[in-house]
Amino acid sequence: MDPKAEPPILVIYAHPRPHLSRVNRPLASALEALPHVTVRDLYRSYTDYDIDVVAEQLALARAGTLVLQFPVQWYSMPALLKLWVDEVLESGWAYGPGGTALRGKSLLVVASTGGHADSYGPDGTHGHTIEEYMLPLAQTAVLCGMSWLPPLVLHDADQVDAQALADHIGRVSGVLSGAAGAAAS
Ligand SMILES: Cc1cc2nc3c(=O)[nH]c(=O)nc-3n(C[C@H](O)[C@H](O)[C@H](O)COP(=O)(O)O)c2cc1C
């Protein structure tokens, strides 16, 4: 198999306070080292929130799989990632009449939460499953003709030990390696 033929995986990484990150920063570094993976760090690139929509669309058009990587904040994504979705997934490009740029691609959320796994669910503190909180992104994928992949979530992220973090990085890396292979076949 010619590795150059494999459509790349684009990781859009958004962490508002990367210097405080225990989980997402090392994860983004590990993913960056994988073949076929490009990581775009929104909070490093757009300190002024002035997103280069054309550059982002070009990167996205080249990718087979879009990964959104972020710490869950108030049951949602960080503000700059929301702005990225708002501005990059334009009508007539990502959806709507003539909007076919993302058709056939896949969307994978890689997120972390401070809450324990059992705090997410009807009987937990947060009242809903993490998948339910991801519904706007899942439906965004549908609207854009993308396949929604099961989210990879690390719970209890503020407390995880080094082994649990290494396991998570290994799990995400394995899924991305599989996604690159699947996209190429
Ligand atoms: C402003 C803010 C809002 C947060 N909201 C949530 C939340 O809604 N649910 C949750 O489980 N954790 C929440 N957290 C905890 C973060 O998700 C957690 O600290 C992060 O995933 C850890 O990843 P990191 O080590 O890369 O920063 C929040 C943290 C901050 C700073």
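Visitor: In which helix is Asn-24 found?

Guide: Helices (H or I, at least four residues) and strands (E, at least two) are DSSP runs, numbered from the N terminus. Asn-24 belongs to helix α1, which covers residues 24-32. Please note that this is a predicted model, in which local features need pLDDT of at least 70 and side-chain atom pairs count only at pLDDT 80 or more, while totals for chains, interfaces and linings use all residues. Residues are numbered from 1 along each chain as its sequence is written, and side-chain values use heavy atoms, with hydrogens and water left out.

Visitor: Is Asn-24 buried or exposed?

Guide: Buried means under 20% relative accessible area, exposed over 50%, and partly exposed in between (1.4 Å probe, protein chains only). Asn-24 has a relative accessible area of 3%, so it counts as buried.

Visitor: With which side chain does the side chain of Asn-24 make a polar contact?

Guide: A polar contact is a pair of N or O atoms within 3.5 Å; within protein, one must be able to donate a hydrogen and the other to accept it, and residues adjacent in sequence count only if both atoms are side-chain atoms. The partner here is the side chain of Ser-112, at 2.8 Å. A polar side-chain atom of Asn-24 also lies 2.8 Å from an oxygen atom of the ligand, and an N or O atom in the side chain of Ser-112 is 2.6 Å from a ligand oxygen atom. A polar backbone atom of Gly-114 is 3.0 Å from a nitrogen atom of the ligand.

Visitor: How much of the ligand does the protein bury?

Guide: Accessible areas come from the Shrake-Rupley method with a 1.4 Å probe; for residues, only the protein chains shown count as cover. The ligand taken alone exposes 630 Å², and the protein buries 77% of that.

Visitor: Which residues come nearest to the ligand?

Guide: A residue is near a molecule if one of its heavy atoms lies within 4 Å of it. There are 17 residues around the ligand, of which His-15, Ser-21, Val-72, Ser-112 and Tyr-120 come nearest. To sort such a shell by class, Ala, Val, Leu, Ile, Met, Phe, Trp, Tyr, Cys and Pro count as nonpolar, Asp, Glu, Lys and Arg as charged, and the others, Gly among them, as polar. The shell here has 7 nonpolar, 8 polar and 2 charged residues.

Visitor: Where do Trp-74, Tyr-75 and Ser-76 lie?

Guide: Ser-76 is in the loop between β3 (65-71) and α4 (79-88); Trp-74 and Tyr-75 lie in the loop between β3 and α4 as well. Trp-74 is exposed, with a relative accessible area of 80%, whereas Tyr-75 is partly exposed at 32% and Ser-76 is partly exposed at 34%.

Visitor: Which residues have a positive phi although they are not glycines?

Guide: Tyr-49 has a phi of about 65 degrees, and Trp-74 has one of about 50 degrees. Tyr-49 is found in the loop between α2 (42-45) and α3 (53-62) and is partly exposed, at 38% relative accessibility.
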